[in-house]
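Please open the model in your viewer and keep a selection tool at hand. The tour below moves from stop to stop, saying what to select and what is there.

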Amino acid sequence: MSTLAAPMPSSALDQDWRKVLRWGFICGGALIALCLVGMPVELDRREIIERYLSLGYLSVVLVPLVIGWVSASQVVLEGFESRKQGLFDLVTGLVVGVIGGGLLSLLMVALDTWNLRDPLVNWSPKLFRFLTYENGMGFGAGAWIVTCGVLGLAGASLHVVPRFARRIVATVIIGLLSLSVLEAAVSDVSEGFGLEWLTDLIYAKKGGLTLTSAFVVGAVIAVVAALTDGRVKAVTNRYRDMEGIERQKTSMILFAVVAVLCIVLPMFLGKIMNELLANVGLFLLLALGLNIVVGLAGLLDLGYVAFFAVGGYTTAVLTSPNSPWFAPELHFGFSLFFVVIFAIIVGLVIGAPVIRMRGDYLAIVTLGFGEIIRLLFMSDWLGPYFGGAQGITNVPGVDLGFAMVKGTDPRSVFYLVLFFSVIAIYVSWRLQASRLGRAWMAIREDEQVAEAMGINTVSAKLMAFVVGAVLAAFSGAVLVAKVGSVFPTSFMILISIIILVVVIVGGMGNIAGVMVGSFVLIGVLGGPKQPGLLQEFQNFKLLIYGMLLVFMMLKRPEGLVPSARRSRELHQEEFLQDAWLRGDKPGIDDDDDAAPLLVGDGGGEEE
Amino acid sequence: MPTHAITTKSARRLVSVDRFLTFIRVFLVTVIVVGFLAFIWQQFDADNPFAQWRNPGARGLTGDQFKGLLISGLSQGSMYGLIALGYSMVYGVLGFINFAHGEVFMVGAMTGFIASDKFQANGMWESNFLLCLALIIVMAVFFSTFTAVVMERVAYRPLRNSPRLIPLITSIGVSFFIQNFVLGLFGPATKSYPRLPEWLAKQRSILTFEIAGTRLLVLVVAAVSMAGLWYIVERTKTGKAMRAVAEDKEIASLMGIDVNRTIVTTFAVGGAMAGVGGILWGLMFRSVTHMTGFLPGVKAFTAAVVGGIGNLGGAMAGGISLGSAESIAPLVILEPLGVPGVSQLKDAVAFTVLVLVLLFKPSGLFGERLSSEDRA
Amino acid sequence: MSLLEIKDLKITFGGLDALSGLNFHIDEGEIVSVIGPNGAGKTTFFNAISGLVTPTEGDILFEDETIVGLDPSTVTSLGIARTFQNVRLFPNMTILENVMVAQHCRTSQLVYGALLQTKAFKREEREIRERAIEVLEFFGHRLVGYRMDQPAFALSYANRRRLEIARAMATQPRLLLLDEPVAGMNPIETAELTALVGRLRTEWGFTIIMIEHDMKVVRDVSDRVVVLDHGVPIAQGSYDEVSTNPDVVEAYLGRPVEAN
């Protein structure tokens with residue numbers, strides 16, 4: 001960062017041109033990269049506001065907006081005079097946007113002049129048409145320079161406008177965007193409740209909001225946001241500050257509400273939505289397991305997918321009549337028993353040697369194990385037992401007597417997944433608040449001291465590992481029963497990494513966070529192979545996941561829904577500083593009320 | 001007050017873990033020894049009873065075949081070594097595994113592809129091959145170095161003081177991002193390097209070894225790069241700064257060394273080496289995709305650990321060892337034991353080596369060199 | 001039989017003898033102080049006993065059983081607890097949790113109990129909590145009440161040192177190793193803690209080995225004093241004997257300059 005006490009600029013034009021230039025190039029670079037990766041053209045298929053704004057154009061538009069905002073950000077340091085943001089920043093944003101737009105125009109010129117389709121697959125006339133609004137290059141270039149400039153200005157202006165306005169604008173944008181993007185879900189739900197007339201009104205025929213509905217709904221959201229200003233924050237703060245019994249009761253109520261929703265909603269949803277939810281649930285199960293391993297015990301297990309595979313293959317071998325070597329054709333329920341046993345065994349076999357390693361080596365070793373297991377399942381050598389690359393097919397669904405759970409009925413699958421998810425949530429919750437959970441926390445804080453306090457870190461970590469393994473194995477079992485077959489290609493390292501992203505983005509160590517992470521990421525963007533609600537992102541979701549992971553680690557490692565504790569952990573310095581700035585006594589710790597243990601000197605000022 | 005009931009149980013569990021590890025060690029040594037002995041026996045008597053039982057119909061390896069395996073192991077291994085240098089250097093200086101280093105290698109390979117494709121299109125590839133080769137190496141090095149430096153600046157520098165797992169997780173994100181960014185830019189189709197001109201690629205006989213020109217090129221370029229690196233690290237001021245920062249960042253800065261610049265240089269040099277590795281890979285195997293970096297990346301990390309992390313000579317030695325093991329083990333150890341489809345298991349061998357080294361000898365064959373902060 | 005007996009302990013770090021020729025014993029109920037100039041090997045001594053460092057030579061016997069080579073957690077479960085010179089609490093865990101987790105080796109409930117919320121589990125959790133409060137109350141009102149649920153990093157320095165000791169107490173040891181318990185405290189806090197150390201012996205029955213630099217504390221509290229210099233014990237005895245021993249004075253102050 002630049003010098004601490006930056007000199008005050010004399011006028012709006014007295015910019016740090018190097019900085020402006022740098023941000024401008026970053027903006028331009030991001031725009032060009034975005035276009036060349038193919039996202040805008042691909043996302044153009046989805047309309048946000050019918051005829052006026054597509055997701056593709058929105059993605060392009062967001063870049064100068066965000067970069068404009070970032071470039072005009074000030075680092076406000078306590079004790080140093082900070083400049084009041086105003087015209088100066090607007091100029092910054094404007095220029096940054098203009099430079100970005102200019103670079104984008106250069107791209108347009110290049111598109112017209114040369115043909116670089118050979119390496120760059122998205123270098124196409126389609127992109128050119130997209131960028132020029134089908135109106136020719138001059139118009140396109142000019143339009144983009146102006147648009148980007150304006151957007152940069154708008155982004156920067158978010159610093160200048162009062163907080164109230166900023167909040168309303170943000171809420172309206174996010175609200176409209178969500179409404180548009182979640183169209184499939186909303187329509188499905190309203191159809192289930194017989195409210196099609198409402199959705200027909202809001203949405204356009206080909207998708208997206210109509211212009212009128214955008215205005216109307218936008219206005220409604222703005223009004224609501226204005227009225228509830230500050231209330232939401234107050235409520236969440238109240239919840240966060242709750243302790244003990246009160247918190248338990250509130251949590252229970254919240255949980256009950258969510259539970260009822262989960263049970264009732266699928267009955268009103270169509271097949272596709274249920275399929276999606278079932279998928280989300282499977283990943284949620286995996287994420288909850290990894291959450292115990294990574295979030296609670298602090299073990300970065302990159303080979304987590306191995307346990308997923310063990311569960312899947314055990315179920316397949318034990319229940320399918322096509323199992324090559326040994327086909328007892330047990331009922332799913334019986335095979336579940338063996339799934340647990342094998343998960344524990346494999347967990348111990350992999351975990352025991354690995355647990356004593358230092359963190360990063362542990363990550364790589366587990367990665368190695370994960371790959372070895374996948375390669376073994378895929379090999380010709382073990383083919384006679386596990387079906388090799390062809391896997392095992394014809395795995396029956398789950399016969400519950402009163403109902404049949406099979407892949408063709410997503411709703412039943414969802415309920416099965418829900419059942420296991422509830423188990424996983426319960427397990428996480430209970431373990432966290434137990435002797436073992438405390439041991440895990442201590443190990444995460446300072447392993448050497450934990451050892452010195454009498455905690456056998458090896459067995460504590462091993463237990464976390466094994467519990468995580470069992471949960472992953474459950475997920476594998478359900479997946480295989482749902483899909484009806486098992487293939488080694490379903491168990492790539494990719495899955496471990498995506499689950500890691502979900503856990504981290506949602507909030508490590510925090511059950512609610514993991515749930516939110518699963519819904520938002522897997523539900524909207526999709527899993528490794530399965531599409532989410534927004535199928536347009538199919539080719540780009542991995543890119544976004546990578547970017548998200550980096551972004552979260554840099555800016556908000558505690559996740560979207562942090563546990564209060566984890567937030568403290570990662571922002572310890574800030575927490576203390578804030579307390580000091582607010583005038584709280586050093587640490588919540590004043591000894592004035594404590595009776596001095598010594599008679600005589602009348603107590604004295606303890607620190 | 002204290003109860004001793006817990007003591008025996010936890011002590012017991014630790015002992016059983018150790019016993020389990022010893023069992024694994026013994027099992028592995030047995031497998032390797034038995035496999036090797038079976039191999040030797042099979043060489044002399046192809047129809048011996050053991051071979052009949054486990055591996056009927058096999059005929060063992062001829063001397064030429066064996067030499068061929070050795071050469072391919074050596075050339076593959078030197079590519080792993082080039083990539084391993086980057087892992088080793090970054091771990092030595094910053095104390096974390098740069099998961100995305102494999103992607104730096106892939107960027108080099110991709111750049112090489114694009115450049116060589118263009119050169120072939122306009123005929124320069126055949127007419128002026130050496131110039132083309134030099135140019136594509138320069139371009140690949142440029143882009144991979146650029147990638148490495150940007151990576152450091154954007155993703156790793158802000159996390160300089162974080163607990164070690166955080167940069168590791170970030171590097172996973174970076175790796176993911178680069179892989180898919182390249183996929184987005186260039187598409188999923190496999191890219192093919194043009195063939196090397198015949199006069200370079202033909203078989204040559206050197207000291208009774210039959211070696212393809214391509215492999216020879218790989219070995220030569222790798223050796224030259226290593227020499228260059230050695231010179232930089234041992235003989236230049238920059239290299240000295242790199243070694244100092246790797247030893248102890250704080251003290252180095254007190255000695256007047258610009259730690260940030262040196263770290264950037266470290267990333268750059270590691271990236272350059274990986275870029276060269278990428279070119280060689282492309283010339284050797286002629287196919288590149290966005291996923292090309294993953295497997296060699298993990299294997300190169302294994303090589304770095306085998307040689308002793310932080311130890312540059314060790315990284316190269318580790319690479320060669322791993323390459324040779326990967327080449328030879330399936331045919332010399334696994335096949336005599338009757339394991340079918342051994343070529344599939346080549347990767348499994350590499351991963352097994354990874355796991356074994358990290359379990360049993362994490363300091364590597366030649367000893368690790370970590371900075372004072374990271375030494376356990 | 002001495003509670004702890006150390007025979008010819010030698011610890012070498014890369015060519016340097018951190019400790020050598022150390023013979024030591026302590027009987028149940030004693031308070032022994034270990035003093036010496038900086039770098040004398042005192043913390044290494046503690047590290048060796050608690051298992052964080054393995055001796056190069058020599059033996060350490062606790063209750064007549066050798067404890068050399070055991071894991072630190074095993075050593076603690078056998079009944080030896082320690083505090084750290086640079087207070088190493090679990091900063092993000094609450095005060096109560098810090099003291100609860102220290103009872104890990106004295107309790108046994110695992111996954112089964114936690115998941116099924118068995119009576120045994122609930123009982124044990126209750127007992128852990130009660131014992132933790134009992135330990136914390138030893139330090140007066142400072143660490144109990146609403147404070148118990150505050151994170152440990154928010155504590156003042158003196159309270160952190162107290163919590164450190166509370167944590168060690170909670171492991172229910174027979175032998176307590178205190179590493180510079182009053183370092184950085186002002187005279188009032190020091191005097192208070194000195195009294196507490198005495199009470200640790202009389203009320204809780206701990207045997208205590210204490211590393212200290214503050215001679216007043218050493219004098220007020222110790223039965224015996226051991227002086228280390230450069231890893232070698234140079235004197236043992238009561239405070240008065242040791243403080244007038246010329247070798248000890250020399251170790252601290254150097255040899256007097258020969259008068260011309």
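Begin in chain B by selecting residues 203-206 and 209-212, which are strands β2 and β3 of chain B and pair in the antiparallel sense over four bridges; strands here are DSSP runs of E of at least two residues, helices are runs of H or I of at least four residues, both numbered from the N terminus, and two strands pair if DSSP finds at least two bridges between them. Show the side chain of Ile206(B), whose bridge partner in β3(B) is Phe209(B). This hairpin has two residues between its strands, and Leu207(B) there takes a positive phi near 50°.

The model is a predicted one, in which local features need pLDDT of at least 70 and side-chain atom pairs count only at pLDDT 80 or more, whereas totals for chains, interfaces and linings use all residues. Residues are numbered from 1 along each chain as its sequence is written, while chains are lettered from A and ligands numbered from 1 in the order in which they are written.

Now select the whole of chain B, which has 15 helices and four strands. Its C-alpha atoms fill a box of roughly 75 × 60 × 40 Å along the principal axes. Among contacts in chain B between residues at least 6 apart in sequence, 76% join residues at least 24 apart, a contact being a pair whose C-beta atoms, placed from the backbone, lie within 7 Å.

Next, bring chain A into view beside chain B, where the contact takes 44 residues from chain A and 47 residues from chain B. On the chain A side, select α16 (359-378), which gives the most, with 13 residues. Other elements of chain A that give two or more residues include α1 (17-37), α15 (332-354) and α21 (457-483). The residues on this side of chain A divide into 32 nonpolar, seven polar and five charged; Ala, Val, Leu, Ile, Met, Phe, Trp, Tyr, Cys and Pro count as nonpolar, Asp, Glu, Lys and Arg as charged, and the others, Gly among them, as polar.

Move on to chain C and select its open sheet of six strands, in the order β6-β7-β8-β3-β9-β10 and with mixed pairing. The edge strands are β6 (80-82) and β10 (232-237) of chain C, each of which pairs on one side only. Neighbouring strands of this sheet are turned by 20° against each other on average, direction ignored.

Within this sheet, colour β7(C): is it enclosed or open to the outside? Five of its five residues are buried, so β7(C) is largely enclosed by the rest of the structure. Leu175(C), Leu177(C) and Asp179(C) point one way from the strand, and Leu176(C) and Leu178(C) point the other way. β6(C) and β7(C) run parallel and are joined by three bridges, with Arg82(C) opposite Leu177(C). β7(C) and β8(C) also run parallel, joined by five bridges, and Leu178(C) has Met210(C) as its bridge partner in β8(C). At the other end of the sheet, β9 (residues 224-229) of chain C pairs with β10(C) in the antiparallel sense over five bridges, and Val227(C) stands opposite Ala235(C).

Finally, select the other open sheet of chain C, in which four strands in the order β2-β1-β4-β5 pair in the antiparallel sense. Its edge strands are β2 (16-26) and β5 (65-66) of chain C. Strand β1 (residues 4-13) of chain C pairs with β2(C) over seven bridges, and Ile11(C) stands opposite Leu19(C).

Conventions:
Axes fitted to C-alpha atoms, helices over the stretch in contact; angles between N-to-C directions. Contact = placed C-beta atoms within 7 Å. Buried ≥ 20, exposed ≤ 12 C-beta atoms within 10 Å, placed from the backbone.
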